[in-house]
Amino acid sequence: MKDRISKLNIAGIIYLIVRRAINSLKRRVSRTMGFHKRYVLLAVIFSFVRYTSASATHYSIPEELKEGSVVANLATDLSLDVKTLNQRKMRLDIIANKKYLDVNKETGELYVVEKIDREHICTTKSSTSCYLRLEVILENPVRIFNMEVEILDMNDNAPQFRRETIHLDISESTPTGERFSLSNAVDPDVGSNSVKTYHLSESEQFTIEVQTGRDGSKFADLILKQTLDREQQAVHNLILTAVDGGTPARSGTASVIVRVLDTNDNAPAFEKDNLSVKILENSPTGSLVVDLNATDLDEGSNSDISYSYSLYTSEKTQETFNLNPATGEITVKGMLNYEDLRIYDMEVIAADKGATSLTGQCTIKILVEDMNDNHPEISIKSFQSPVTENIELDRVIAVVSIGDKDSGDNGIVDLHIPDNMPFKLRESSDNYYELVVSEPLDREKVPEYDITFTVTDRGSPPLSDNETMTLELLDVNDNVPQFPQSFYTIRVMENNAPGALLSSLTAFDPDLHENQYLVYFIIEKEIANTSMSMLFSINPENGNLYALKTFDYEIEKEFLFHIEARDSGSPPLSSNVTVHIIIVDQNDNAPVIVSPWRAHGSVVEEKIPRSTDKGSLVAKVIALDTDSVHNSRITYQFLQVTDATLFSLDQYNGEIRTMRMFSYRDPRHQRLVVVAKDNGEPALSATVTIKLTTMETAVKAYSDMTEEPLEYDIFSDINLYLVIGLGSVSFLLLITILVTIVIKCQKPKPSKAAPPSRNSVISERNSTIADSTLVSNDAYWYSLFLAETRKGKLVVRQPLPKGSRYIVSSIPRGTGLTDTSDSAASTLQASTTSSSSST
């Protein structure tokens with residue numbers, strides 16, 4: 001440790017010796033050489049020393065460098081081996097400051113550890129240079145390098161004033177050219193970055209002059225360049241700006257508020273120098289005559305004003321009127337009489353309270369006016385009330401007289417009544433007026449009138465008086481009864497209870513008493529030899545309409561008649577209204593099945609060939625409902641069915657069709673129960689049971705229909721079943737197939753034309769029921785289609801229209817059929833195929 005300290009001392013001593021030698025050399029050269037030679041030699045020496053110091057011991061860096069910025073490579077500048085820096089424990093000491101810099105032992109670079117603020121390190125602004133003193137210390141062997149890092153100033157601070165607001169008080173009497181010192185701005189930066197100049201905001205009264213102090217600081221003086229007038233502008237707001245010399249330049253501002261002090265340079269002034277005022281006689285004491293409002297543009301005591309009479313104002317005037325010295329109000333002090341004195345003259349002086357008082361004058365003329373102190377009078381001479389509402393026009397109702405004791409305009413009187421009344425005033429003689437009817441009267445609109453007679457004189461201000469009379473109107477039967485509606489539509493549900501209230505048909509009559517008492521009647525009208533009074537009744541007092549019987553929609557659907565309302569006036573007046581009674585249908589009728597035709601009970605027996613194709617019409621159920629359209633809409637559905645996969649039922653037209661062909665597994669007898677249900681609430685229904693028996697039959701077609709017995713070729717399927725059972729015998733199977741094909745292809749022999757039969761003929765028009773209005777006709781034709789045959793004969797019950805073409809293919813009865821009324825199934829063919837069938 002002692003060796004290290006001794007080595008450090010030796011190095012320091014060597015450094016001091018070298019510095020002293022250089023300084024001694026400088027002094028010797030300056031003594032022995034001339035001025036120019038000495039200057040050149042000193043320049044060379046200084047250059048050599050500076051170069052040696054800059055390259056080895058002196059560095060210059062700007063402030064505010066970012067952390068990590070590299071300043072220099074010490075290893076290179078000090079001729080040190082980078083690889084040995086760690087072994088030699090290289091370290092950096094900063095003398096009398098924080099450690100803003102450090103050295104990287106791996107690279108030998110000197111870098112910034114913490115941002116450097118020059119103004120914080122060097123607080124003394126008198127010095128333009130700012131240094132950080134460094135020592136670089138190495139061991140093994142010990143070496144110490146003294147270094148200087150110069151911190152160069154950056155323009156990072158704007159000028160600032162010590163006070164943001166500078167207040168100055170300047171009298172308006174101050175002469176131009178007067179100077180006023182302003183607070184200077186301070187900039188922590190140095191050199192060209194410090195305050196350079198000042199600027200003042202635009203002003204007509206002020207300017208500035210920039211001065212330089214002994215230490216080089218800049219400050220500004222405010223100079224008055226134009227006389228101030230407080231009455232024009234009492235306060236001047238200026239902005240003083242300090243600008244430094246940096247690049248870019250920075251600036252700071254301060255507000256300069258100049259308050260102008262007042263001097264008494266304005267005399268009090270009245271709004272008008274001459275005034276003329278009018279006042280009524282008999283004005284009470286204390287009444288305001290005029291308020292003299294003098295103004296002084298000065299302020300403070302220079303603007304305080306006092307009022308007084310001048311010597312030119314008479315004693316009589318001063319006794320009659322009072323002048324308030326503080327406010328300038330002139331009020332009535334004595335009694336004013338127009339007949340005694342009509343004009344008063346006075347002069348008032350206004351003086352301020354400045355050091356040198358200034359005054360103003362005003363001349364006032366007061367005119368006393370005559371007072372309208374008598375009210376006009378009104379007198380009702382006659383008034384007729386009540387009167388009938390049909391009183392004739394121009395009829396006199398009242399006579400009125402008016403008057404006023406005043407003279408001139410104060411004695412001229414006008415009479416009037418309210419506007420928008422059916423009356424007018426008519427002057428009959430001097431100050432006499434008649435009230436007459438000008439428009440027709442209507443008691444129903446206005447039953448009475450409050451007529452106010454108002455009389456007014458023409459004085460100033462005018463005086464008036466009024467009197468109100470009430471005129472009542474008597475009623476006349478001049479209004480007919482009125483129904484709220486001209487036509488009534490009343491809906492009545494059928495099956496109603498007799499005596500039920502249907503509606504209240506109340507009329508209104510705006511007349512009074514017996515003229516508004518109404519009586520109601522049904523105007524007689526017969527429908528199917530039945531009087532309306534037998535079906536309906538009306539209460540003659542209140543117009544309540546009642547039903548006298550129970551209505552049936554299926555019999556009676558509507559009624560149309562008139563009701564009259566008549567008042568009890570003389571003569572009576574009346575009006576009538578039309579009443580439309582609509583009977584609303586109830587679902588009180590169940591559907592009635594009209595097809596298929598049932599001979600015995602509700603069970604229908606039908607026969608159908610087993611060879612019927614898929615989609616063939618088996619039967620059609622048709623039901624009728626006598627209710628209205630809504631309640632008579634009928635839908636069909638199966639209630640019971642032997643095999644649900646075999647038959648389908650159309651829910652709208654009731655057609656029962658096969659969904660597939662019959663098979664040998666299907667039972668011979670099929671039972672179908674169909675229910676027909678209407679659309680009412682609650683719904684009503686009817687059922688029909690259809691028993692279908694399948695038969696093994698063959699059909700022969702005939703082109704014409706006759707009354708002769710139809711011949712049939714019958715083919716039995718027993719052989720077919722036997723052939724199928726003996727499938728191994730192909731020969732028999734082939735013969736059976738051929739025979740079956742031949743029989744199927746045969747047609748029935750033509751027969752003589754027979755008259756059309758009601759039970760066997762179908763209209764070739766579409767049989768699908770789509771509208772309830774076609775139900776009855778289609779039911780008839782389907783009844784014909786499903787009509788039974790007896791012993792193979794077609795029974796004709798009613799001729800068909802001429803020109804109609806119908807085809808019926810009758811299926812012959814099977815073996816073993818008895819001579820009964822059982823129905824044989826029939827197939828309806830379209831008319832488009834009738835011609836081909838007949839051929």
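Two strands pair if DSSP finds at least two bridges between them. The views below come from a predicted model.

**View 1. Three strands form an open sheet.** The order is β2-β5-β4, and the pairing is antiparallel. β2 (70-73) and β4 (101-103) stand at the edges. Each has a single partner strand, so one side of each is left without a neighbour in the sheet. From one strand to the next, the twist averages 20 degrees.

**View 2. β4 meets β5 in the antiparallel sense.** Strand β5 covers residues 109-112. Three bridges make this pairing. Which residue in β5 is the bridge partner of Asp-102? The partner is Tyr-111.

**View 3. Strand β21 pairs with strand β18.** β18 spans residues 288-291, and β21 spans residues 329-332. The two run antiparallel, joined by three bridges. Look for Val-290: opposite this residue, in β21, stands Ile-330.

**View 4. β20 and β21 form a hairpin.** Strand β20 holds residues 321-323. Three bridges join β20 to β21, and the strands run antiparallel. Phe-321 has Val-332 in β21 as its bridge partner. Five residues lie between the two strands. Gly-328 sits in the turn, with a positive phi of about 80 degrees.

View 5. Where is Pro-596? This proline is in the loop between β41 (592-595) and β42 (603-609).

**View 6. Glu-681 and Pro-682 are joined by a cis peptide bond.** Omega here is about 0 degrees. Pro-682 belongs to the loop between β48 (669-677) and β49 (685-695).

**View 7. Asp-394 has a positive phi.** The value is about 70 degrees, although Asp-394 is not a glycine. Find Asp-394 in the loop between β25 (387-388) and β26 (396-403). The relative accessible area of Asp-394 is 42%. Buried means under 20% and exposed means over 50%, with partly exposed in between. Asp-394 is therefore partly exposed.

**View 8. Asn-495 has a positive phi in a residue other than glycine.** Phi is near 65 degrees. The loop between β32 (487-493) and β33 (501-504) holds Asn-495. Asn-495 has 39% relative accessibility, so this residue counts as partly exposed.

Note on methods
Residues numbered from 1 in each chain as written. Predicted model: local features only at pLDDT ≥ 70, side-chain atom pairs only at ≥ 80, totals over all residues. Heavy atoms only, no water. Helix = DSSP H or I, 4+ residues; strand = E, 2+ residues; numbered from the N terminus. Axes fitted to C-alpha atoms, helices over the stretch in contact; angles between N-to-C directions. Buried < 20%, exposed > 50% of the residue type's maximum accessible area, 1.4 Å probe, protein only.
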